[in-house]
Each structure stands twice: as structure tokens, then as C-alpha cells.
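Q: I've got a model open on my screen and I'd like to learn how to read it. Can we go through it one feature at a time?

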Amino acid sequence: MPQPVTVPCQYRTGRTLGSGTYAIVKEAIHIHTNKYYACKVINKKLMEGREHMVRNEIAVLKRVSSGHPNIVTLHDYFETTHNLYLVFDLCTGGELFDRICAKGNYYEKDAADLVRTIMKAVKYIHECGIVHRDLKPENLLFRTQAEDADIMIADFGLSRVMEEEKLSMLTEICGTPGYMAPEIFKKSGHSKPVDIWAMGVVTYFLLAGYTPFDRDSQQAEMEAIIAGDYKFEPVEYWENVSDTAKDFVKECLTVNPAKRPTAAQVLKHKWLADEKPHFVADSQGAPTDLLPHVKKAFNAKKLWKKAGNSIKAMNRMAALANSGQVPEIVQLRENVNQYKLESEREIIENVSVTHHHNMQDVKDEAVDTDDSNRAMHKATISSKK
């Protein structure tokens, strides 16, 4: 069997920007252009038996890359002996909510402008035949620190290509619990409407600083989501939000996915479509500043959510272990931090690249994933673009 061709790496390593469940994100600088990128680094040991997940992410990103100003672009894809590297736009403007909390004031119009921009990008994604499946504030990043910086949809790791004519539906449970639609938990089959539900949760969050289905346990949260059980409470957080905004949230959080509006339909909702912004006036007749309440709620949640997420993750692993499900998952959990640390230590300018893909190669790779993804998922994956 011929050995893969190795070439010198075209990038040098920068600082670590963040860490996900299975990957770390590092800064990468292109050696010839000195241009900075964000690089998702995945240890190959963590991807054994899951290679289709990376190929799927590439297939999705190939469809949407460079096609919309508010969607991150996949610029390159390569691998070394130990790691897989996906090279994206570097978004330096920070996460959505951190940016809001750093502002001096924040009005309902600001929330509507953000939702409109994101929803237009969601409409584009859906028109490309993609369902994102993990829309949440942490995956909404600003391109730069500039006041008028574009907001970007990032992290297509859970996205899927859907073929409308085949009416394929996805049945695996995935996403971030508080943002997941009822049909995901019910395993009744899901598609693009899950993104509209998630945007309803994001909008609620943008207006109040907390999510609508926050509960004391994951089970209670899931039951609330399935029942569509939420309120615009406490009153002091919502009395400064217009009824039009609340109606927009209600439309997105329609429990029955068949009755949930599409991205194109929600963009025609009065809250997003009216030229004159909707707001509740303060004592001077000006729009009320939502920042004090939003910031207070967000900061309070941030403190206990950090601990809560760790507990939830541990409980999930314990439940898997106790139910006798795949003991290798427990082993993987023990190894994951060690593998991520190994990935972080690799200095890419000092190693050879075993496969280097320009964007045409990525396109071919995306096409090649189709058959394996059809087998791996009950959804039809195609990449004709």
C-alpha cells in the first residue's frame, strides 16, 4: 500500500482560543500570507469510528462556505499524523452575549436586528438543504471587535444535509438540551423546524438574559420543552418587552413542527419586518433600556450554569455506565482531556501534513461522504454543489 504523500505545513501555530467536547480551537497563521484563522483541532484517537462526523461537517461547510456574510467559511482542511485540522474564519469579536453585556445600553431594536440577521442566515442555510441543529448564543460570534461587525453562525459539527424531495428525517438525539425542539426528544423525526425553535429560545434569551425552559433537572427541562411549558416571567423582566416581540417568540416556540413557521415566514413577522421598531416606552417616551435586567439574569445564570453543565455531563456518563451501554464511552470520557491536551501541544509548523486539501479537494471529500453518511444516518446526505 503506497504511503501518503507528506508536504510541509502551510500554517504556524497560534494561541489556544477555546475547547469543545472533542476538539480544541487554536489560532493558525498562514505562513505565506500572514493571515490569521481559527483552526479546529481534533485528535484522531477521538475520531476512531466517527470519521463520518468530520466528513459530514466538511460536506455541510462546503455547501454554505463563502455563500453568506453571516456564516463562517471553511478555508482549508488537512491532517497530520495525529490530528485533523479544519481552518475557518477567525472571529475575534467575541460571543453574542458577552458583547451585549459589554455595551452601555441595549434596546429591543438591537435584539430584533440581531435576530433578523441570524434568521436571514438560517433561511440561507435551509435553502442550501442544511439543518444546523445547534443554534445557541455560544455559536453566534462577531467577526471583529468593530461596532458594526458581522455576527456569524459557527460550529456546523451537528449539521446535516437534508434532501426535501426524499422527505428524510433525522432521529438521533443531539444538540444543546435547553435549545432542543420537542420532536428531538420525542424521536419522532426532525428537520429544519428545529432551527426555528432554537431561534425562539435564542430570542427569549436575548430579551431576558435567561432561557425559557430552565429547570432544576434535565428531566424537568425536557418535560417542559415537550409540553411547550414556559412563561414570560418574572414580570419585571418582561414588562419592558413589547407584545410583538413576545408573539414572535410564541410563533417560533410552536410545539408542533408542522405548524411552526419557516425561516422565510418568521422574517415576515411584524417584529422583524416592520420599518418602525417595536418597544415599550420609558417615562420619557423613549425605548426602555433592557440591559440592566438582561445583564443581571445572564450573570446569575453564568455562575451556576458552569457548575451545572459539568454535573449534567457527569450524570449522563454515569447513566450510560449504569445502564450497561457501550463501556468504551466511559473509557473515552476518561481519555478525552488527555487527547485534547495532546492535540494542543502539536506545533504544526514543525510537522508534515499527510493529506492537504484545497477547496476542490474538500468538495470531492464532501461528495465522497454521501454513501457512508447515508449508511450512518437515516438521513440522505448529498453534496451536489
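A: Happy to, and let's start with burial: at 15% relative accessibility, K40 counts as buried. The cut-offs are under 20% relative accessible area for buried, over 50% for exposed and partly exposed in between, with a 1.4 Å probe and protein chains only. Before going on, keep in mind that this is a predicted model, where local features need pLDDT of at least 70, side-chain atom pairs count only at pLDDT 80 or more, and totals for chains, interfaces and linings use all residues. Residues are numbered from 1 along each chain as its sequence is written, and side-chain values use heavy atoms, with hydrogens and water left out.

Q: Which annotation covers K40?
A: An unreviewed UniProt entry has K40 under "binding site". UniProt positions follow the numbering used here, feature names are shortened, and annotations may be inferred rather than shown by experiment.

Q: Where is K40 placed, and what does K40 touch?
A: Strands are DSSP runs of E with at least two residues, helices are runs of H or I with at least four, and both are numbered from the N terminus. K40 sits in strand β4, residues 36-43. Contact means heavy atoms within 4.5 Å. Setting aside residues up to four places away in sequence, K40 touches A23, I24, E57, L84, Y85, L86, F88, D155 and G157.

Q: Which side chain makes a polar contact with K40?
A: That's E57, at 3.1 Å. A polar contact is a pair of N or O atoms within 3.5 Å; within protein, one must be able to donate a hydrogen and the other to accept it, and residues adjacent in sequence count only if both atoms are side-chain atoms.

Q: How do I read a pair of helices?
A: Two packed helices are described by the angle between their axes and the distance between the axes. Axes are lines fitted to C-alpha atoms, for helices over the stretch in contact, and angles run from 0 to 180 degrees between N-to-C directions. Here, the axes of α6 (residues 193-208) and α9 (residues 243-252) come within 8 Å and cross at roughly 150°. That makes α6 roughly antiparallel to α9; under 35 degrees is roughly parallel, over 145 roughly antiparallel, 65 to 115 roughly perpendicular and the rest oblique.

Q: Which residues make the contact between α6 and α9?
A: I196, W197, G200, T203, Y204 and L207 come from α6, while α9 supplies A245, F248, V249 and C252.

Q: Is S352 buried, partly exposed or exposed?
A: S352 is partly exposed, with a relative accessible area of 37%. It's in strand β11, residues 352-353. S352 and C9 are 343 residues apart in sequence and 5.7 Å apart in space, C-alpha to C-alpha.

Q: How many helices and strands are in the chain?
A: There are 14 helices and 12 strands. Of the 385 residues in the chain, 49% are buried.
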